[in-house]
Amino acid sequence: HYANPRIYTANVGFEQEIYPDWTLYFDLTWSKGVHLTSFYNCNGAGVYAAGGCYADNGTFVPAGTYSPLLSDLYVTNSRGKGLYRGFTVGMRKRFSQHFQLNWNYTLSEDLDNDSNERDPFDDFRLDPVNPARDYSFSNRDERHKFNLFSYAELPGGINLDLRLQAHSPQPI
């Protein structure tokens, strides 16, 4: 019953010149992932508390089925899902008169039920029997992001490059 992962993405942007060589832009991004590969530890401590775990075909595996011969038993499935929504506003100055500038700010939200879908050695589930309870902010969620890049050619053949990045903290 494993299903191949799918990502659906939509992006809409608008850019307008507001002064010669200067543009202002807006961008909306929506991305949804379904059937993402996920790994469940069907023999871990969380499974004992829940009494067992379910395989993708709906078969219930009681806790301790593989103990004590195996300590951890990771089962691959396709129950992972994620959703990203972001809005970006920024400004660009095209390289002219020996100077270039680009800045942007993004307000976003990143949700999922398995932030470690490609790491088979960590299982942070709250409830191994019900993965829907783990749908929340992903480990990658950074609500606010700001980027600034500038480049200038100064007299005497000196090039100046300034970069600044700032973002809100990621969830723990």
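**Ring pairs, salt bridges and a nonpolar patch**

Colleague: How many aromatic pairs does a search of the whole structure find?

Modeller: This is a predicted model, in which local features need pLDDT of at least 70 and side-chain atom pairs count only at pLDDT 80 or more, while totals for chains, interfaces and linings use all residues. Residues are numbered from 1 along each chain as its sequence is written, and side-chain values use heavy atoms, with hydrogens and water left out. Rings of Phe, Tyr and Trp (its six-membered ring) pair if their centres lie within 6.5 Å; planes under 30 degrees apart are stacked, over 60 edge-to-face, and the rest tilted. By this search of the whole structure, the number of aromatic pairs is three.

Colleague: Is F95 buried, partly exposed or exposed?

Modeller: Buried means under 20% relative accessible area and exposed over 50%, with partly exposed in between (1.4 Å probe, protein chains only). Because its relative accessible area is 37%, F95 is partly exposed.

Colleague: How far apart in the chain are W103 and F146?

Modeller: W103 and F146 form a stacked aromatic pair, at 6.3 Å centre to centre and 25° between the planes. W103 is in strand β6 and F146 in strand β8, so this pair links distant parts of the chain, and the separation is 43 residues.

Colleague: How many salt bridges does the structure hold?

Modeller: A salt bridge is a side-chain nitrogen of Lys or Arg within 4 Å of a carboxyl oxygen of Asp or Glu. D21 and R94 form one of them, with their closest N and O atoms 2.5 Å apart. D21 lies in the loop between β1 and β2 and R94 in strand β5 (residues 74–96), so the pair ties together parts that are 73 residues apart in sequence. The count for the structure is seven.

Colleague: Which residue meets R85 in a salt bridge?

Modeller: The N to O distance in this salt bridge is 2.4 Å. R85 lies in strand β5 and its partner in strand β6 (residues 99–112), so the pair ties together parts that are 24 residues apart in sequence. The partner is E109.

Colleague: Over the ring of which residue does the charged end of R92 sit?

Modeller: A charge sits over a ring if NZ of Lys or CZ of Arg is within 6 Å of the ring centre and within 35 degrees of the ring normal. The charged end of R92 is 3.9 Å from the centre of the ring, which belongs to Y25.

Colleague: What is the area of the nonpolar surface patch?

Modeller: Patches are made of residues with over 30% relative accessible area and no salt bridge; like charges are joined within 9 Å, and nonpolar side chains (Val, Leu, Ile, Met, Phe, Trp, Tyr) within 5 Å. V12, F14, F26, L28, F87 and L107 make the patch, and β1 (6–19) and β2 (22–41) each supply at least two of its residues. By the Shrake-Rupley method with a 1.4 Å probe, the area is about 550 Å².

Notes
Helix = DSSP H or I, 4+ residues; strand = E, 2+ residues; numbered from the N terminus.
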